Amino acid sequence: MTAATETIWQKIEYSPVGDFVASSEWAFPTLETIHVIALVTVLGSIAVMDLRLLGLASNSSAITQVARNTVRLTWMAFVLAAATGLLMFAGKAASYMINPYFLIKMGLLALAGLNMAYFHLVTWKAVNNWDKGVVIPPMVKLSGGLSLLFWVLVVFFGRAIGFTLGMFY
Amino acid sequence: MSDLLFAFTEWLRNTPLVELSLWISNTWLCMVIVTNFWAIPAIQTVHILSIAALFGSAVMLNLRVLGLLWGHLAIGQVAQRFVPWMRWAIVMLVVSGMLLIVGEPVRELINPIFWIKMLLVALAIVLSVFFNRRVSVIPAGGAASLQMRLGAVLLIILWCAVMAGGRWIAYAPV
C-alpha cells in the first residue's frame, strides 16, 4: 500500500465522524446492533427469493410474486446495513483496509452484487418462461445458489473481522 | 442503568453459576472450542444465519398479518410457509447458543445482559407460539384483528431487542 492511499484511510479515521465512532462508548455497539438487525433482514429476505429460484420453497407462488414481496425489503435492509457498516469502517478505516477478512468480505459483496445484476439484467428477461411451477432452468438455479453461498460467506468473513481487526499491522 | 447492571453482576458472582462456569471450563468440549481460534466465529456465524432464518420468517409472516406483503396468499398459507422455518431456526439457535456458552461460560453465565436476553428470548418464543397459532387459523380471505396487528409489531420489536441483547453481551459491565 502506498503512502498516499494510507493517508486517505487515516483521514477518514481522524475525521470528526471517525473520531466519534472510535471514542464514543455507545456508538460502536449501537452501530453493530443495527448492522446485525439489518443484515439478518437482508439474509432472511434474500434467502426466500433464492430458495424459490432453486425450487425449494414458496413454490406455490410465481417467481415474480416472490420477487415483488422480498426485493424491496432486501434493499431497504441493505441500505441500513451499508450505512452502519460505513460508519463502523470510519472509526478504524486504516485497520480495516489491511485486514484480509474485511477485504475478502468486500470482494464477496461485489460478487453477490454482480451475480444479482446479471440475474436481474440478463436472466430475468426470459422470466415468463419459468415464472410458475418448479421446472427451473439451470442458469436460474445457479444464480439462486451462488447468491446463498456468497451471502453465507459474507456473514462468516464479517464475523471474522471482529476477531482479527487488531492482528494486522 | 450501568450501576444496576453492576449490582446484577455482583449478585451473579455469588450464585452457583460461578461453580457451574468453572466446571464447564474444564470439560472436553470447552477445551476443544477454546483451543480452536475459528470455533467461536464459526459457531457465531451459524447463530447469525439461524437468526436470519427466524427473524426473516417472522418479518415475512408479521408483515402479511399487517397487510403489507404476500397479499396474494391467505395469512394461513404464509404461516404454513414460514412457521416451520422458525421452529427449525430456534432449534439451531439453541444448539449454537449452548455451544457458545460452553466455549465461554464465564462471559455468558456471569453476565447480566445474557440473562436479560434469555428472559426476552423466553418471552418472544412463548408469544410467537401463541401468535403463530392464532394467525394460522384465520380463515382465507379474513383479515387480522387490531390485537393481532399490534402483536405483529410487538413481536418484531421484541426480536430486535433480543438481537440487541445478544450484541451487548460483549459490552456488559463486568
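**Figure 1. A:Ser95 in its helix.** In this predicted model, look for A:Ser95 in helix α6 of chain A, which covers residues 93-97. Is A:Ser95 buried, exposed or partly exposed? Counting around A:Ser95 gives 19 C-beta neighbours inside 10 Å, so the residue is classed as partly exposed. A residue needs 20 or more such neighbours to count as buried.

**Figure 2. Chain A as a set of helices.** Follow chain A along its sequence and you will pass through 9 helices and 0 strands, in the pattern α-α-α-α-α-α-α-α-α. Along the principal axes, the C-alpha atoms of chain A fill a box of roughly 55 × 35 × 25 Å. Of the 169 residues in chain A, 38% are buried.

**Figure 3. Helices α7 and α9 of chain A, side by side.** Here you can see α7(A), made of residues 100-121, with its axis coming within 8 Å of the axis of α9(A). The two axes cross at roughly 160 degrees, and α7(A) is therefore roughly antiparallel to α9(A). Their crossing is left-handed. From α7(A), the residues making the contact include A:Tyr101, A:Leu108, A:Ala112 and A:Phe119. From α9(A), look for A:Leu146, A:Phe150, A:Val154 and A:Ile161, among others. Sorted by class, the residues of this contact are 17 nonpolar, 5 polar and 1 charged.

**Figure 4. Where chain A meets chain B.**

**Figure 5. A helix pair across the two chains.** This view pairs α9(A) with helix α4 of chain B, residues 39-65. The helices pack at an angle of about 135 degrees, and their axes are 9 Å apart. At that angle, α9(A) and α4(B) are therefore oblique to each other. Their crossing is right-handed. On α9(A), the contact is made by A:Val152, A:Val155, A:Phe156, A:Arg159, A:Ala160 and A:Phe163. Facing them on α4(B) are the contact residues B:Pro41, B:Gln44, B:Thr45, B:Ile48 and B:Leu49. By class, this contact has 8 nonpolar residues, 2 polar and 1 charged.

**Figure 6. The largest nonpolar core.** Finally, zoom in on a core of 69 residues. The members that touch the most other members are A:Val40 and A:Leu43, together with B:Ala52, B:Leu54, B:Phe55, B:Ala58 and B:Met60. The largest share of the core, 14 residues, comes from α3(A). Which residues does B:Leu54 contact, leaving aside its neighbours within four places in sequence? You can pick out B:Met86, B:Ala89, B:Ile90 and B:Leu93 as its partners.

Methods
Residues numbered from 1 in each chain as written. Chains lettered and ligands numbered in written order. Predicted model: local features only at pLDDT ≥ 70, side-chain atom pairs only at ≥ 80, totals over all residues. Axes fitted to C-alpha atoms, helices over the stretch in contact; angles between N-to-C directions. Helix = DSSP H or I, 4+ residues; strand = E, 2+ residues; numbered from the N terminus. Parallel < 35°, antiparallel > 145°, perpendicular 65-115°, else oblique. Left-handed = near helix turned anticlockwise from the far one by under 90°. Contact = placed C-beta atoms within 7 Å. Nonpolar A, V, L, I, M, F, W, Y, C, P; charged D, E, K, R; others polar. Core = buried A, V, L, I, M, F, W, Y, C linked by C-beta atoms within 7 Å. Buried ≥ 20, exposed ≤ 12 C-beta atoms within 10 Å, placed from the backbone.
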